[in-house]
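I opened my notebook to record what I looked up, entry by entry. The structure comes next.

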Amino acid sequence: MCTPWYGLVRDVRASWQVTEPTEEHPMRPIVHGLLATALAATAALAAGPARATTAHHVLPSPVFGVTIDDVEDIEQVVAAEATLPHRPTTRVVFDDRVAPDHYRAPVERLRTVSHVMGELLDSDHLRGTSVTAYQQRARAYVDALGGSVDVWEIGNEVNGDWTGPYGSVAQKIRAAFDVVEAAGGQTALTLYENSYAPDHCGDGPDELTPVQFSQQYVPEAMRAGLEYVWLSYYPTQCSPTTYPSAATVRAEVEQLHALYPNALIGFGEVGLPAKVRPSTLAKARTVMNWAYNLDPGLDYYVGGYFWWYAYQDAFTGRRLLLPDLRGAFLNQAAALGTAG
């Protein structure tokens with residue numbers, strides 16, 4: 001098990017791996033940068049000339065997250081993100097039947113204003129994808145986009161009861177984890193949050209909680225190797241609708257930290273279950289204000305949130321939530337600080 005590195009990332013002041021020493025940790029940034037470079041080079045040699053290595057940039061902490069599930073109007077996205085008060089990290093959802101080359105130019109354009117997290121496959125399509133196909137998909141996307149994606153989301157909402165048998169899900173995420181690790185990339189795992197209300201938010205005990213799934217289906221070596229662990233939580237989808245307090249969030253994040261000792265932890269999805277309309281704008285604002293104001297008071301908690309329908313709600317069309325998203329970023333910075 002490697003030494004926890006979340007303290008280093010909290011000190012990062014830029015997106016590149018090598019940082020300046022600090023008074024508190026005079027050598028750790030330098031050592032971490034050298035080790036990361038050596039590991040990336042070793043992985044590249046092992047993978048051979050046909051394998052692309054990944055961008056391997058460290059995300060500044062906290063993480064100001066948004067999600068886009070479409071790249072058709074990427075120029076509108078770039079223009080809108082350029083107005084945000086802090087540089088975002090944009091999760092790009094890679095469609096299940098789209099070749100990775102489709103995303104090459106949009107992701108490069110996006111990098112001018114944002115860090116990038118690539119979601120290999122949305123949870124809705126996990127059940128219908130075999131272990132072999134999932135592994136092949138991971139290799140194809142890492143080969144094509146590894147130089148442009150900072151973090152790879154190897155599994156999305158993996159404990160949701162719609163994703164398929166847990167044993168099969170576990171094999172898929174392990175296969176993707178190994179692919180990204182071999183390329184020297186950074187990995188993230190998103191767990192479906194259902195523990196904030198009785199009976200697993202009404203889903204029933206057969207749907208495991210994030211902690212239960214992690215204990216039963218994520219191997220210790222993988223738990224030690226993940227760089228990010230995210231929670232996906234939609235308050236209005238929990239029965240009853242629940243907005244957990246910072247203290248409640250802290251208690252669960254501490255449990256996850258015990259399982260993922262080297263990972264930075266936050267929320268990887270929040271929002272409404274559908275794109276915002278004028279009639280749901282007030283509800284969307286309530287969810288956004290709850291999320292981006294959270295402060296559990298933990299060094300390894302980095303926010304994230306990654307508003308799911310940012311493409312539709314804030315970046316294209318009427319942009320109903322763009323002013324609110326700007327305010328949410330400011331609120332998050334006030335709650336968690338900013339890397340500058």
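I began with the naming of elements: helices (H or I, at least four residues) and strands (E, at least two) are DSSP runs, numbered from the N terminus. The model is predicted, so I noted that local features need pLDDT of at least 70, that side-chain atom pairs count only at pLDDT 80 or more, and that totals for chains, interfaces and linings use all residues. Residues are numbered from 1 along each chain as its sequence is written, and side-chain values use heavy atoms, with hydrogens and water left out.

**Entry 1: helix α7**

I looked up His200 and found its place in helix α7. His200 has a positive phi of about 55°, although it is not a glycine. Is His200 buried or exposed? I needed the cut-offs: buried means under 20% relative accessible area, exposed over 50%, and partly exposed in between (1.4 Å probe, protein chains only). His200 has 15% relative accessibility, so it counts as buried.

Asp199 is also in helix α7, which covers residues 198–201. Asp199 is partly exposed, at a relative accessible area of 45%.

**Entry 2: a charged patch**

Which residues form a negative surface patch? I listed Asp161, Asp199, Asp203 and Asp206. Patches take residues with over 30% relative accessible area and no salt bridge; like charges are joined within 9 Å, and nonpolar side chains (Val, Leu, Ile, Met, Phe, Trp, Tyr) within 5 Å. The areas come from the Shrake-Rupley method with a 1.4 Å probe, and for residues only the protein chains shown count as cover. Asp and Glu count as negative, Lys and Arg as positive; His and the chain ends are not counted. The place of a charge is NZ of Lys, CZ of Arg, CG of Asp or CD of Glu.

**Entry 3: salt bridges**

How many salt bridges does the structure hold? I found nine. Each is a side-chain nitrogen of Lys or Arg within 4 Å of a carboxyl oxygen of Asp or Glu.

Glu75 bridges to Arg109, with the closest N and O atoms 2.8 Å apart. Glu75 is in helix α3 (residues 74–81) and Arg109 in helix α4 (residues 104–110), so this pair ties together parts 34 residues apart in sequence. Glu75 is partly exposed at 44% relative accessibility. Arg109 is partly exposed too, at 31%.

Next I looked up Arg91 and Glu119, whose closest N and O atoms are 3.2 Å apart. Arg91 is in strand β2 (residues 89–93) and Glu119 in strand β3 (residues 115–119), 28 residues apart. Arg91 is buried at 0% relative accessibility. Glu119 is buried as well, at 0%.

Asp150 forms a salt bridge with Arg111, at 3.1 Å between the closest N and O atoms. Both Asp150 and Arg111 are buried. I also noted one network, in which salt bridges that share partners join Arg91, Glu119 and Glu153.

**Entry 4: aromatic pairs**

I searched the whole structure and got 18 aromatic pairs. Rings of Phe, Tyr and Trp (its six-membered ring) pair if their centres lie within 6.5 Å; planes under 30 degrees apart count as stacked, over 60 as edge-to-face, and the rest as tilted.

Why is the pair of Trp230 and Phe306 edge-to-face? The ring centres are 5.2 Å apart and the planes are at 65°, so the pair is edge-to-face. Trp230 is in strand β6 (residues 228–232) and Phe306 in strand β8 (residues 301–307), so the pair ties together parts 76 residues apart in sequence. Trp230 is buried, at 0%. Phe306 is buried, at 0%.

Tyr233 and Trp290 have ring centres 5.8 Å apart and planes at 65°, so that pair is edge-to-face. Tyr233 is in the loop between β6 and α10 (246–259) and Trp290 in helix α11 (residues 281–292), so parts 57 residues apart in sequence are tied together. Both residues, Tyr233 and Trp290, are buried. Ring pairs link a cluster that includes Tyr233, Trp290, Phe64 and Phe329.

**Entry 5: backbone notes**

Ser61 and Pro62 are joined by a cis peptide bond, with omega about 0°. Pro62 is in the loop between α2 (28–47) and β1 (63–68). The bond from Ser239 to Pro240 is cis, with omega near 0°. Pro240 is in the loop between β6 and α10.

Arg319 is not a glycine, yet has a positive phi of about 50°. Arg319 is partly exposed, at 26%.
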